[in-house]
Amino acid sequence: MGAGTPDFVALDWNGTVVPVFGRPPYPGVVEAIQCLEGLGIPVFVVSHATQRQIDDDVRRTGLQFDGVFGCMEKAPVLSTLRAQHGFGLLLGDHPADFRAALEVGLPFIQARLDGQAQFGGCNNSFLDWSEVPELLLAASGHDG
Ligand SMILES: [Mg+2]
């Protein structure tokens, strides 16, 4: 990938892609993921859930990803993705997501799709998925 393009994007699921299991994706998710695919950026789901729960809910939405991971701790999964794919980012809505990204040294972008306040110390966030592709390129911190 060229300068300014993350090597991968990891997504939290509940509160980030969908409001909660069983609900439709937030507006703009499909278009944003298509845009990332078009840029050749691998997209992964990393959800605090069992593998079965997250596999079932991803399948329900019909969205396609390069990998789907259910886990109890996100940092080890992010660390593995970083080792395998390079310098990526995490998008999530929970302080635990932010902490996991910090722990493995990856940029974090906060999903504030229900209008939540921005976390202290978090400099990147979005209120609508239409903002995401441009934000990812700006926030990747990747100098090529
Ligand atoms: Mg969440």
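Student: What share of the residues in the chain is buried?

Tutor: Buried means under 20% relative accessible area, exposed over 50%, and partly exposed in between, with a 1.4 Å probe and protein chains only. Here buried residues make up 49% of the 144 residues. The model is predicted: local features need pLDDT of at least 70, side-chain atom pairs count only at pLDDT 80 or more, and totals for chains, interfaces and linings use all residues. Residues are numbered from 1 along each chain as its sequence is written, and side-chain values use heavy atoms, leaving out hydrogens and water.

Student: Is Ser-47 buried or exposed?

Tutor: Ser-47 has 2% relative accessibility, so it counts as buried. It is found in strand β2. Strands (E, at least two residues) and helices (H or I, at least four) are DSSP runs, numbered from the N terminus.

Student: Which residues is Ser-47 in contact with, leaving aside its neighbours within four places in sequence?

Tutor: Contact means heavy atoms within 4.5 Å. On that basis, and with those neighbours left aside, Ser-47 is in contact with Trp-13, Phe-21, Ile-54, Phe-69, Gly-70, Cys-71 and Lys-74.

Student: Is Ala-138 buried or exposed?

Tutor: Ala-138 counts as exposed because its relative accessibility is 65%. This residue is found in helix α5. Its C-alpha atom is separated by 9.7 Å from that of Asn-124, 14 residues apart along the chain.

Student: In what order do the elements run?

Tutor: From the N terminus on, the order is β-α-β-α-β-α-β-α-β-β-α. That is five helices and six strands. The radius of gyration is 14 Å, close to the 15 Å of the globule rule for 144 residues, so the chain is as compact as a globular protein of that length. The radius is taken over C-alpha atoms, and the rule is 2.2 Å times the number of residues to the power 0.38.

Student: Which residues touch the most other members of the largest nonpolar core?

Tutor: A nonpolar core is a set of buried Ala, Val, Leu, Ile, Met, Phe, Trp, Tyr and Cys residues joined through side-chain atoms within 4.5 Å. The largest has 30 residues; Leu-11, Trp-13, Phe-65, Leu-91, Phe-126 and Trp-129 touch the most other members. Elements giving two or more residues to this core include β1 (9-11), β4 (89-92) and α5 (132-139). Apart from it lies another core, of 18 residues, among them Phe-44, Cys-71, Phe-98 and Phe-108.

Student: Which residues is Leu-91 in contact with, beyond its neighbours within four places in sequence?

Tutor: Among them are Val-9, Leu-11, Phe-108, Phe-126, Trp-129 and Leu-136.
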